[in-house]
Amino acid sequence: MHHPEPSPAFSTDCAPAPLVTPLTRRFGLRLPVVQGPMAGGATTPALVAAVSNAGALGFLAGAALAPEKIASEVAAIRALTDKPFGANLFVLERAEPDDATVRRALAAIDPLAARFDLAPGQPLAAYAPDFRAQLDRLVELRVPVVSFTFGLLAKEDVARLKAAGSYVIGTATHVAEGLAWRDAGADAIVAQGAEAGGHRGTFIGEAAHALVGTVALVPQLVDATGLPVLAAGGVMDGRGIVAALALGAQGVQMGTAFLGSAESAIPADWKARLRAASDTATSVTRAITGRHARGIRNPLMARLDAQAGAAAPYPVQNALTQPLRQSAARANDGDWLSLWSGQGAPLGRAREEGLGAARIVAALERESRAALEALAAFARPQA
Ligand SMILES: Cc1cc2nc3c(=O)[nH]c(=O)nc-3n(C[C@H](O)[C@H](O)[C@H](O)COP(=O)(O)O)c2cc1C
């Protein structure tokens with residue numbers, strides 16, 4: 001992609017365009033970018049540390065990890081960077097589905113899993129790591145920034161994290177959720193627009209009603225909560241970053257833009273399909289994991305959507321479809337993976353394939369400055 005350099009005339013009569021917001025100042029970032037936590041293999045310690053070392057904020061996805069694994073990943077990140085970084089969890093209750101729910105879900109999943117020679121699925125002892133144990137470990141680890149999605153923390157838990165020195169971010173997909181996080185004591189809000197890849201964070205009301213676009217959502221959350229807001233969903237380059245700042249955000253959270261990076265450990269076929277995606281390639285489905293999530297359409301989504309009524313709630317459906325998706329990952333077969341991705345995926349093609357995260361961050365900084373200069377040019381009186 002061509003990045004216009006600032007014109008010399010502009011550079012000499014103005015200081016370099018600042019990319020400073022209260023949030024960047026607080027964490028010493030070079031630009032107002034948070035790398036979105038992405039459960040499912042993308043946010044390796046190498047990715048998190050590379051992003052933080054490059055001057056943005058790297059973020060570990062801890063939701064799928066046992067407490068000991070969260071601790072070892074955090075230790076691995078700390079060995080690679082002395083810069084601030086974050087860790088993220090899903091707020092979940094323990095799932096205790098009845099047998100009929102599990103059997104109905106498996107009746108739809110088993111025929112698909114048979115293509116990988118998997119035996120029929122069975123009810124499990126546990127469907128997700130224990131959230132309370134994950135949270136307790138996170139408090140002990142004193143991670144600089146922590147964020148949560150899928151639910152709301154109790155005030156006491158937010159207070160515990162803050163007392164441990166962590167900056168607490170809650171994810172909201174609409175205003176009522178932002179207010180709930182503010183009332184629980186959160187320091188900041190991730191505003192998750194409908195464009196975003198991966199799971200919807202919605203925890204109040206119908207997920208199908210909570211598909212508010214980023215441009216509409218960000219200023220409403222800024223106005224309603226008075227808290228720092230990070231815009232998430234559809235931001236892929238410097239233009240998106242500057243647009244989010246114009247809407248009143250103090251930064252952006254970008255997932256899809258880092259999904260194809262060299263350090264992201266997702267299967268190669270997922271990366272290939274991200275690069276091949278069009279703007280209309282994604283849909284929101286509940287059928288793969290039991291929770292609404294945006295991803296690139298493929299046979300897995302189509303086949304499970306066709307029997308959506310059979311899907312168990314999250315995290316049960318997620319755990320039941322996992323052996324199939326893990327087999328697909330081993331076979332590098334994107335037809336049967338959950339291909340989570342945002343609507344902005346095609347914008348990633350402007351970058352070299354498999355670019356390292358540090359180079360993505362550097363490009364974002366360059367592009368943001370160029371976008372700011374372009375805006376300033378609009379405001380300058382014509383000579
Ligand atoms: C593959 C994938 C996995 C994700 N996993 C998580 C997660 O574990 N926790 C979370 O809070 N957000 C998760 N997200 C959301 C991202 O952190 C981020 O908010 C989102 O990707 C922003 O939208 P974008 O994809 O358009 O950049 C995930 C997104 C993707 C694409």
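The structure is a predicted model, in which local features need pLDDT of at least 70 and side-chain atom pairs count only at pLDDT 80 or more, whereas totals for chains, interfaces and linings use all residues. Residues are numbered from 1 along each chain, as its sequence is written.

The protein chain holds 15 helices and 11 strands, where helices (H or I, at least four residues) and strands (E, at least two) are DSSP runs numbered from the N terminus. Its C-alpha atoms fill a box of roughly 75 × 45 × 40 Å along the principal axes. The radius of gyration of the protein chain is 21 Å, which agrees with the value near 21 Å for a compact globule of 383 residues; the radius is taken over C-alpha atoms, and the globule rule is 2.2 Å times the number of residues to the power 0.38. Of these 383 residues, 51% count as buried, a residue being buried if 20 or more other C-beta atoms lie within 10 Å of its own, exposed if 12 or fewer, and partly exposed in between, with C-beta atoms placed from the backbone. Among contacts with a separation of 6 or more, 70% come from residues 24 or more positions apart, two residues being in contact if their C-beta atoms, placed from the backbone, lie within 7 Å.

The protein chain is divided into domain 1 (8-92 + 128-265 + 345-379) and domain 2 (97-126 + 282-340), with bounds that come from an automatic or database domain assignment. The centres of the two domains, taken over C-alpha atoms, are 28 Å apart, and 11 residues of domain 1 are in contact with 9 residues of domain 2. On the side of domain 1 that touches domain 2 there are 5 nonpolar, 5 polar and 1 charged residues; here Ala, Val, Leu, Ile, Met, Phe, Trp, Tyr, Cys and Pro count as nonpolar, Asp, Glu, Lys and Arg as charged, and the others, Gly among them, as polar.

Helix α3 (residues 45-53) is largely enclosed by the rest of the structure, because 7 of its 9 residues are buried. These buried residues, including Pro45, Leu47 and Val51, pack against β1 (33-35), β2 (58-61), α4 (67-80), β3 (85-90), α11 and α15 (357-379). Glycine 55, with a positive phi near 105°, follows α3. By contrast, lysine 162, in helix α7 (residues 155-163), counts as partly exposed because it has 15 C-beta neighbours inside 10 Å.

An open sheet of 3 strands has the order β7-β11-β10, with antiparallel pairing, and its edge strands, β7 (198-199) and β10 (282-285), each pair on one side only. Two strands pair if DSSP finds at least two bridges between them, and β10 is joined to antiparallel β11 (residues 293-296) by 4 bridges. Valine 284 stands opposite arginine 294 in β11.

The ligand is surrounded by 31 residues, of which the closest are Gly36, Gly197, Gly198, Gly255 and Gly342; a residue is near a molecule if its C-beta atom, placed from the backbone, lies within 6 Å of it. By class, this shell has 13 nonpolar, 17 polar and 1 charged residues. At least two residues of the shell come from each of β4 (145-149), β9 (251-254) and α11 (256-259), and α11 gives the most, with 3 residues.
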